Amino acid sequence: MLYSTFLWRRGFHRDNWINFGLLAAAFVLHTLAMAKRGFTLHHCPVNNLYEATTFVLWTIAAGSLALALLPKLRFLGVFTAPLLFCVGLFALWPGLDAEYIDNIPNFSSDWFKLHVPVILLGYGAFGLSATAGSMFLTQERNLKFHRARALFAILPPIQRLEKIITYTLVIGLALLTAGVGIGAAFVEEDATFWGDSKTIWSFLVWTMYCGLLVSHLKFDQRGRRYAWSAIVAFGFVILTFWGTNLLSDIHNPPTP
Amino acid sequence: MPIVVTGLSHHSSPVEMRERFAFSNTQVADALGQVRQRGIADEAVILSTCNRVEIYAATRESNPVLGQALEQFLYDFHGIAPAPAHALYTHLEPQSVDHLFRVSCGIDSMVLGETEILGQLKQAYRLAHAEKATAAQLNKTFQKAFNVAKLVRSETQIQRGSISVSSVAVELAESIFDSLKSQQVLVIGAGDTSEKAARALRSRGAQSILVSNRSHDKATALAAELGGRAIGFDTWVEEFQGVDIIISSTTAPHYMLTRDKLESLLRQRGHRPLLLVDIAVPRDIDPDCNQLENVYVYNIDDLQSIAGQYIEQRKAELDLCKRLIAGKRNELLDSLQAHPAQTNLGLREKQVGS
């Protein structure tokens, strides 16, 4: 994170592997920790807020590392690291890593093993679109204000960044649709579906991203406004994820 | 085992002087033979370009008057009467090696960090090698010089960036558009710089180029050269919808494109990014256009300032280059000292053979 800020100020001149290396090392450690937790619990570690948050972060880190292998995207890690750091810090908030009951009545179907991870992968993709968005804004600003660093920087052309935002949004939306679909299809009958805060929230998020994509693809929403929308949308997801989760009855069934 | 360089360059003399000392390729072969026949040096390489004429020479034993002998040779060969104003310079070891390394990296060049000199240096070395005028010392030294050039290229930014207006324009286009292939370029006013910029865009992939000029004949001629299409001077607005990059350099005394006009044009065009490069003085494009969303306006000063900053960036890399060069120079001299026996080969064989 500190190194990222440093690179940011330096203006991304040189092709830089150190940031990539640091992020990759952190990612490996993260994967190990998550795998350990997963094997001890015998399922994918996504069942409380701490685990869910770190899973989203893991997805973002994986995605940005993969994209960083492409030319001119090496610095994506610089933009993801601050996000990972801040949200990661928040995930350590005491109480988020609560113990949970294993046999929640509503979630007996095997399909639910996919419900949560798929949705969280989707959020990870949205997170990537937000980082690509911040990269876009940085570079766009440099170009607009005729700063020479727009050219010195090893950053991709803004039009390509716009495409990356769109691709990650499409992937995220597809995953979210699949995940929510699984949840809706296999939930036990007696759950009060539409009154639940989290289902409403998920629907809201889905509509928001769907609207964003339609505005881009259909109504030619481009440039700064589009990049900002991707960032704001993900900010909304991150900031409201915890609250709605705790309010939801289906996702926090009363202990029998 | 001294390596010496004698000659003159754009730093020391004007072109009127340099041209008198210049060697043609056939003269180089002849001169290389003479240097050795007269016993001035055992090994030699002659570099003759438009910006410099230099003889790199090496002898087996140290020779304090080698520099003077080489200077005298340059005068004799070209039939010029020696004069102090000629400003020939001579560098002895280790400065001579430093000098060669700097030349190979382009940091002694007129355009700091240019790469053409490396090719010329390689050519000069090949020629001397083919004439069997080089042996262990200069072979090793020149190989090292080529390695240093490669190292400096990869480790520093001395060669990075565009330092001409037209190449800055191309770089701008490349940092806005994903690929230049599908972008349409419109050149308004067929001036020299706009032609260069259009050519550069084309060499980087731009396929569709429209040319609009007050004199239609000139537009047609330039369009033909660029593989583009000429359009009427007053009708370019009709083509505007498809255009992504405009290079404007007309002599019009007022703005060709005002903010209001562009705003209404943009409404039909959608929100694709638009790069407007205005190299005309007085300006063709209202600077307020830059405030419109997805529109990027650069005028001649913006481009020149970026090119200037690139040059500054290159200058800032000079110290790093010099450090790299000093390290490699020491490496080379150590290794030459460690194997002095090898340096006696080569030339002797040539002399015996001939």
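The model is predicted, and its overall scores are ipTM 0.74 and pTM 0.72. Chain B has a mean pLDDT of 87, with 95% of its residues at 70 or more. For chain A the average pLDDT is 73, and 66% of the residues score at least 70. Within chain A, helix α1 (residues 2-10) has the lowest confidence, with a mean of 47, while α7(A) has the highest, at 86. The pLDDT is below 50 over residues 5-11 of chain A, a stretch that has eight contacts in the model beyond near neighbours in sequence. Chain B has such a stretch at residues 343-354, where pLDDT stays under 50 and the model has 15 contacts beyond four places in sequence.

The sheet of chain B comes next. Six strands make up this open sheet, and their order is β7-β6-β5-β8-β9-β10 (chain B), with parallel pairing. At the edges are β7 (229-231) and β10 (295-299) of chain B, each of which pairs on one side only. From one strand to the next, the twist averages 20 degrees. In general, the strands of a sheet pair through backbone hydrogen bonds, in either a parallel or an antiparallel way. Inside this sheet, strand β5 (residues 184-188) of chain B runs parallel to strand β8 (residues 245-248) of chain B, and four bridges join the two. One residue of the pairing can be followed directly: B:Ile188 has B:Ser248 in β8(B) as its bridge partner.

Helices pack on this sheet. Helix α7 (residues 165-176) of chain B touches β8, β9 (274-278) and β10 of chain B, and its direction makes about 170 degrees with that of β9(B). Helix α9 (residues 216-226) of chain B also packs on the sheet, where it touches β6 (208-212) and β7 of chain B; the angle between its direction and that of β6(B) is about 165 degrees.

The axes of α7(B) and helix α12 (residues 300-316) of chain B come within 9 Å and cross at roughly 95 degrees. Because of this angle, α7(B) counts as roughly perpendicular to α12(B). On the α7(B) side the contact is made by B:Val165, B:Val168 and B:Ala169, and on the α12(B) side by B:Ile300, B:Leu303, B:Gln304, B:Ile306 and B:Ala307. By class, these residues are seven nonpolar and one polar, with no charged residues.

A further helix pair in chain B is α4 (residues 95-105) and α13 (residues 318-338), whose axes come within 10 Å and cross at roughly 130 degrees. The angle therefore makes α4(B) oblique to α13(B). The crossing of these two helices is right-handed. From α4(B), the residues B:Val97, B:Asp98, B:Phe101, B:Arg102 and B:Cys105 meet B:Cys321, B:Ile325, B:Lys328, B:Arg329, B:Leu332 and B:Leu333 of α13(B). This contact has seven nonpolar, no polar and four charged residues.

What does each chain give to the contact between them, in residues? Chain A contributes 17 residues and chain B contributes 20 residues. On the side of chain A that touches chain B, the elements giving two or more residues are α5 (112-144), α6 (149-152), α7 (158-186) and α9 (223-247) of chain A. Of these, α7(A) gives the most, with four residues. By class, this side of chain A has seven nonpolar, four polar and six charged residues.

Some backbone details remain. In chain B, a cis peptide bond joins B:Glu93 and B:Pro94, with omega at about 0 degrees. B:Pro94 is in the loop between β4 (89-91) and α4 of chain B. Another cis peptide bond joins B:Val281 and B:Pro282, again with omega at about 0 degrees. B:Pro282 is found in the loop between β9 and β10 of chain B. In chain A, A:His146 has a phi near 55 degrees, a positive value in a residue other than glycine. A:His146 lies in the loop between α5 and α6 of chain A.

Technical notes. Residues are numbered from 1 along each chain as its sequence is written. Chains are lettered from A and ligands numbered from 1 in the order in which they are written. This is a predicted model: local features need pLDDT of at least 70, side-chain atom pairs count only at pLDDT 80 or more; totals for chains, interfaces and linings use all residues. Two strands pair if DSSP finds at least two bridges between them. Axes are lines fitted to C-alpha atoms, for helices over the stretch in contact, and angles run from 0 to 180 degrees between N-to-C directions. Two residues are in contact if their C-beta atoms, placed from the backbone, lie within 7 Å. Angles under 35 degrees count as roughly parallel, over 145 as roughly antiparallel, 65 to 115 as roughly perpendicular and the rest as oblique. A crossing is left-handed if the near helix is turned anticlockwise from the far one by less than a right angle, and right-handed if clockwise. Ala, Val, Leu, Ile, Met, Phe, Trp, Tyr, Cys and Pro count as nonpolar, Asp, Glu, Lys and Arg as charged, and the others, Gly among them, as polar. pLDDT is the predictor's confidence in each residue, from 0 to 100.
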